[in-house]
Every structure is written in C-alpha cells, then in structure tokens.
Amino acid sequence: MAFVQFSRVSLAFGDHDILKNVSVNLQTGSKAALTGANGAGKSTLIKIMAGLLEPDSGTRVAQKDARIAYLPQSGLIHQGCTLREEADRAFQFGYDIQAEIDRIGDELKVDTPNVQTLLVRHDELMTRLEESGWHRRAVTAESVLLGLGFTREDLDRRTDEFSGGWQMRIALAKVLMQNPDILLLDEPTNYLDLEARTWLEQFLQNYKGGFLLVSHDRYFLDVTINEVYELIGGNLEHYPGNFSHYEKVRAVELQTLIDQYEQQQQEIQHLEDFINRFGAKATKAAQAQDRQKRLDKIVRIEIPESLKKIHFTFPSAPHAGHLVLRLNGITKSYDGMHNVLDNLDLVLENGQRLVVVGRNGAGKSTLLRIIAGSDSDFTGEIVPGAGVRIGYFSQDNAETITGSRSIIDLIESEAPLQLIPRVRDMLGAFLFRGDDVFKSLNVLSGGEKSRVALLQLLLRPVNLLVLDEPTNHLDMHSKDVLLGALKDFGGTVVFVSHDRGFIEGLATRVLELTPGHFRVFPGDYTYYQERLLAEQTGNVGNFSFSTDAGQAVLQKETETGAAAPEDSPGQLSWEEEKRVKAERRKKEKEVERLEQEIDRTEKQRKVCENQMADPAVYSDGEKCRKLQMQISELKKSLDTMNAAWEKIAAELE
C-alpha cells in the first residue's frame with residue numbers, strides 16, 4: 001500500500017504562523033478533502049505535500065517509488081505541440097521505467113556479478129509498468145480527454161490554440177492520466193462545466209489510489225470524499241465522513257464556541273464595569289486591582305471572521321407584472337452558417353428561478369447576454385413585461401471596475417441608505433475582510449473585481465437578475481450567503497452555474513440548450529436529472545418541453561416525431577408519474593438505509609464474535625454470557641432487516 005506521511009509540519013511567513021505542527025497521512029484508498037477559509041494556507045500545505053515547498057520544520061515520509069501528482073489552481077500553459085502529443089507527456093514516468101528496463105536488459109547480456117539483483121529489479125519495474133497502465137496510454141489519454149469535454153477533433157489541435165480554462169483542463173487530464181499513487185488536486189473543478197464535473201466525480205469514486213483535494217463545490221465533495229481535514233488558525237483538524245457530515249459536526253462545535261464566547265464577553269463586561277466604577281476609590285482599590293489581574297489573565301476567545309454567519313437581503317424588487325419576459329424565435333449565429341440558438345421560444349414569469357444548462361458552446365452565455373440586452377445581433381423578438389428592470393452580471397463586468405477609490409468607498413456610495421450599516425458584513429461575505437476593504441480598485445485581481453461587480457449588482461433595486469457564473473471566485477461560505485439572498489429575492493432569476501449544489505438550492509425550472517435545440521423542464525434540477533436518467537435507461541420516451549403563456553406543456557414524442565395522444569392507454573399524467581417516481585425514490589432510500597444498517601450490524605456482530613475468541617472473555621462466564629446475548633440480538637436484528645430489504649427490493653424489480 002502506497003503512502004505519504006507528514007508529521008508535525010510547521011511553516012511561518014514572517015511572524016504569521018501558516019502551519020503549526022500539522023500531521024497528515026495519505027495512503028492508497030484515501031479520499032480526503034482539505035477545507036478552510038481563503039488565506040488559511042490550503043494551497044501552501046498541498047505544495048509542501050507535493051514537495052514543491054520546504055517547511056520550516058517537520059518530516060515527510062513516503063513509500064519508496066510512490067508516485068505523487070499535483071494540480072495547482074491555475075497558471076499552467078501548454079505550447080509547441082498537439083493535444084495528443086501533450087497528453088503523451090503525462091506518461092513520461094513510463095518511458096523512464098522502460099528506459100531502465102532496457103538498460104538492465106543490456107547489462108544482463110554481458111557477464112555481470114549482480115545478476116540476481118538485476119533480475120529482481122527488472123521484475124519490479126515490469127510489474128510497476130504494467131500496473132500503471134502505461135501500455136494502454138493511448139486509450140487512457142483519449143478516454144480522459146473526452147471525459148473532460150474535449151472532442152476527437154481537438155486531439156490534433158495545437159495546444160497554443162486553447163484558452164486559459166481549457167489549458168487547465170489539459171493539466172488536469174495529464175495528472176489523471178498518470179494514475180499516480182497519490183493525487184493532490186487544488187480546485188480541480190474551477191474550469192469544468194457540469195458534464196465534466198460529473199465525469200470527474202465518477203473518476204474519483206472509482207479511483208484506486210488516494211487523493212486529497214481542495215474544492216468549494218459542496219456537492220462535488222459530498223460524492224467523492226469520506227474524510228475532511230480543516231485548516232484553521234494554522235491547526236489541522238480531522239473529521240471522518242463526507243462533507244455534509246463535517247458541516248453538521250462543525251456547526252455544533254461552532255455553536256459551542258459562540259456560547260463560550262458570549263459567556264466570556266459577559267464576564268469581561270462585568271469585570272470592566274467594576275474596575276471603571278471603583279478603580280479610583282481608595283476603599284475599593286484592592287478589589288479593583290484583583291479584578292484587573294483576573295481580566296488580564298483571561299485568554300480571549302475569538303470567532304474567526306470566516307465562520308461568522310452573515311445574512312443580507314436585496315433591496316425590495318420593484319413591482320412587475322406576472323409576465324416578466326417573452327422570447328419569440330430567438331436565433332443567433334456567429335459565423336452566418338451555424339446557429340448557436342435556433343428559433344428559441346421562452347416565457348419567464350414573476351418569481352421563477354431558471355437555470356440554463358448545456359455543454360460549453362451550447363449558447364448559455366449568449367442567451368444571457370441577449371436577455372440582458374447587451375447583445376442585439378440576433379433575429380427574433382424579446383417582449384419585456386410591464387415594469388421589468390434588469391440587473392446583469394458576468395465575468396466581463398470586472399473590466400469596468402477601475403479607479404483609485406477603495407472598495408468600501410465604492411460600495412458605500414452605491415448602497416441604499418438602509419444597507420450602509422451592513423456594508424462591512426456584506427464585504428466580508430464576499431471575502432473582503434479586515435484591511436482588504438481599503439484596497440484600491442486599481443490593484444484588485446480579476447477575481448476580486450468580479451466579486452465587487454457582483455456585490456454592486458446586488459445593491460441595486462431590480463426585479464430580473466441575469467447571472468452568468470455568479471459563484472466563481474467565491475468560497476463555500478460566500479456561496480451560502482449569496483444563495484440565501486437569492487432565495488429570498490422577490491423577483492425573477494435567470495442564471496448559469498457549474499456548481500451543482502448551488503443549482504439544486506436555487507433553480508425551480510431548467511432550460512437545457514444543445515446546439516440548435518432547447519428544452520424547458522417544468523421542475524427543479526433534481527427533476528431534470530431524473531428525466532435525463534429515465535431517457536437514458538429507456539423508461540420514458542424522448543420528452544420535449546415548451547412553454548405556452550407560461551404554462552408548461554409536456555409532450556411525449558413517438559418514434560415518428562408525432563405527439564402521442566394525451567389519453568393514450570397506459571400513459572401516466574405528469575402528476576401521477578411524479579407521484580410514482582417519488583414513491584420509488586422513497587423505497588430506494590429505504591433500501592439504501594437498510595443496506596447501511598445491515599452493514600453496520602454485521603460489523604458489530606463480527607466485533608463481538610472476535611471478542612469471544614479473547615481468552616480474557618471466554619474464561620469469564622459473565623462476560624461470555626453478555627456477549628452471547630448481544631450476538632443473539634444482533635442476529636435477530638439482521639434477520640428482521642434482511643426480510644424488510646428483500647420485500648422492498650422485490651417491489652422495486
């Protein structure tokens with residue numbers, strides 16, 4: 001089993017401790033996440049693990065020949081060859097092993113005294129090469145690249161032609177192709193669309209090696225990891241379980257910390273009041289001095305800024321009619337030959353939260369620009385409803401943020417009067433904390449400018465928000481704040497996001513774009529996923545959805561393309577089918593729960609049976625009887641649960 005261990009690792013920048021006696025153990029099968037506030041030192045720790053940064057103290061121990069692969073957040077560029085050739089460079093380790101195998105073969109051809117040693121080494125190298133999958137490198141490369149969204153046509157394109165986001169996809173693909181013993185991934189989903197993220201989720205779920213990853217995508221973490229390391233204040237805490245479990249445990253710990261903080265503040269206030277009242281009185285001087293000593297000895301509890309709960313609401317949305325926007329026959333082409341959007345019809349009603357989904361290049365951002373009015377080069381008609389006021393956010397908004405003013409001056413000048421007292425909290429929610437709020441706009445990075453642009457938008461009284469990737473450059477806490485504000489927003493939202501957890505928390509309707517086609521699904525994102533799965537498995541036909549005066553019409557197409565009659569024998573209504581689906585999901589969840597409970601009970605029984613083999617137990621009659629009774633009860637429970645499982649499983653067949 002491959003492993004890499006880091007023991008009591010410490011690192012400081014000046015007088016600031018980044019890591020304090022941190023210990024981590026990664027091995028084959030590890031599926032771990034590293035979390036913490038922005039600036040906590042996550043990327044620094046991963047670089048130390050990758051051997052790219054030396055700590056001030058501590059030890060690093062790795063199994064001989066263990067291969068570790070590292071993906072940074074950004075900054076990797078590939079040039080000078082085709083994508084296929086660049087992918088092959090990921091297998092350099094195999095070429096190196098093959099070179100050593102060839103060298104040993106050459107040595108064995110001549111008379112050498114260490115034949116046995118060379119043969120053992122030759123066998124080790126052959127085994128490593130075979131297990132690494134190097135001989136299947138061409139198939140592996142193509143599979144990974146296609147999974148991450150490249151096309152077969154892309155394989156022979158020059159890497160210089162790909163944009164920055166696609167450059168990082170190339171880097172991610174190369175890391176995955178290496179099939180290392182330990183993967184270290186720093187924000188691997190930053191440049192991935194939903195389809196590529198889903199593929200990466202499945203890849204990591206099936207990955208035989210170990211990995212540690214940093215991500216702000218809660219759903220992605222929940223389905224890929226089973227342990228969490230949290231870096232806070234230079235200390236590293238370990239939590240077994242998925243990310244949702246970690247958050248529940250952490251919430252309890254945080255509440256305990258807040259309770260202790262509030263109690264301490266009361267004590268401090270009481271001592272300070274006494275000192276202020278009686279410190280100058282000679283008769284009370286001794287008592288005041290005693291309380292001052294007690295006050296000085298108190299170790300102050302601090303609530304980290306990143307853990308403080310922040311909530312804000314938008315300015316009230318101006319009144320708008322029931323019909324917010326109607327799109328009739330919207331068609332858009334960039335080259336005059338291929339339509340990105342083709343005769344798209346859409347009706348938006350007040351209060352809807354529509355997510356636009358589809359692969360890169362399907363026209364999602366194009367549609368949002370058209371809705372927002374920033375792109376007028378299209379055919380078709382847009383009919384706004386009465387009183388509609390649009391607010392639009394995209395990454396391009398950042399380009400307009402310039403000047404010598406500070407962030408806080410800009411936001412305070414644009415905030416409605418009632419929100420000015422909350423400006424500091426809102427800036428904190430968007431990762432501008434402490435002295436960061438006084439930064440000049442001219443020195444901000446692209447990500448910082450995007451966050452300022454998003455906050456600017458949220459301060460304006462609008463009733464239709466058009467948001468293109470609003471969660472980029474936000475950490476998990478900031479996403480939660482934004483999600484809460486959007487759910488409370490009194491207007492309509494149209495948005496694009498690659499964060500599945502954010503989509504599931506916000507969307508009430510789904511518009512799917514494929515090149516030249518569209519479908520509207522009258523339900524949330526979970527319903528949309530169920531529809532896609534049903535289509536893939538052949539449980540339903542190819543469903544198409546359209547809108548008519550805001551009402552969803554479901555039409556099941558036959559093989560000839562004609563609509564099936566509404567009263568077709570055996571065809572369920574949408575409501576009935578939804579109810580059946582809900583009942584099935586309930587049974588599936590119960591099966592899953594029973595399987596987990598059966599597994600847990602089986603493990604308990606095995607533990608008890610192993611204890612029975614302990615001389616200290618079987619020689620003690622009382623202990624032996626108690627264990628036998630416990631084993632008997634566990635067996636009865638297993639019989640009951642297995643019977644229940646068989647019954648429900650049969651109903652699902």
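## Salt bridges between separate elements

The side chains of Arg 152 and Glu 142 meet in a salt bridge, with 3.1 Å from N to O. The model in which this pair is found is a predicted one. Arg 152 sits in the loop between α5 (137-147) and α6 (164-177) while Glu 142 belongs to helix α5, so the pair ties together parts that are ten residues apart in sequence. Arg 152 counts as exposed because its relative accessibility is 52%, whereas Glu 142, with a relative accessible area of 25%, is partly exposed.

Another salt bridge joins the side chains of Arg 218 and Glu 247 at 2.8 Å, N to O. Here the arginine lies in helix α8 (residues 218-222) and the glutamate in helix α9 (residues 243-278), so that parts 29 residues apart in sequence are tied together. Arg 218 is partly exposed at 22% relative accessibility, and Glu 247 is also partly exposed, with a relative accessible area of 26%.

## A further pair and a network

Arg 422 and Asp 425 likewise meet through their side chains in a salt bridge of 3.4 Å, N to O. Both residues of this pair count as partly exposed, Arg 422 at 29% relative accessibility and Asp 425 at 34%. Elsewhere, salt bridges that share partners join Glu 100, Arg 103, Glu 107, Arg 121 and Glu 124 into one network. Over the whole structure, a search finds 29 salt bridges.

## The three-stranded sheet

An open sheet is formed by three strands in the order β11-β10-β13, with antiparallel pairing. Its edge strands, β11 (339-349) and β13 (379-384), each pair on one side only, and the twist from one strand to the next averages 10 degrees.

Strand β10 (residues 323-333) is joined to β13 by five bridges, the two strands running antiparallel; Thr 331, for instance, has Thr 379 in β13 as its bridge partner. Helix α11 (residues 364-372) lies across β10, β11 and β13, and runs at about 130 degrees to β10.

## The buried face of helix α12

In helix α12 (residues 407-414), the buried residues are Ile 407, Ile 408, Leu 410 and Ile 411. Viewed down the axis of α12, these buried residues fall within an arc of 160 degrees, so they line one face of the helix. In general, an α-helix has 3.6 residues a turn, so residues three or four places apart point the same way. The buried residues of α12 pack against two further helices, α13 (423-429) and α14 (446-458).

Terms used. Residues are numbered from 1 along each chain as its sequence is written. This is a predicted model: local features need pLDDT of at least 70, side-chain atom pairs count only at pLDDT 80 or more; totals for chains, interfaces and linings use all residues. Side-chain values use heavy atoms; hydrogens and water are left out. Two strands pair if DSSP finds at least two bridges between them. Helices (H or I, at least four residues) and strands (E, at least two) are DSSP runs, numbered from the N terminus. Axes are lines fitted to C-alpha atoms, for helices over the stretch in contact, and angles run from 0 to 180 degrees between N-to-C directions. Contact means heavy atoms within 4.5 Å. Buried means under 20% relative accessible area, exposed over 50%, partly exposed in between (1.4 Å probe, protein chains only). The arc is that of the directions from the helix axis to the C-beta atoms. A salt bridge is a side-chain nitrogen of Lys or Arg within 4 Å of a carboxyl oxygen of Asp or Glu.
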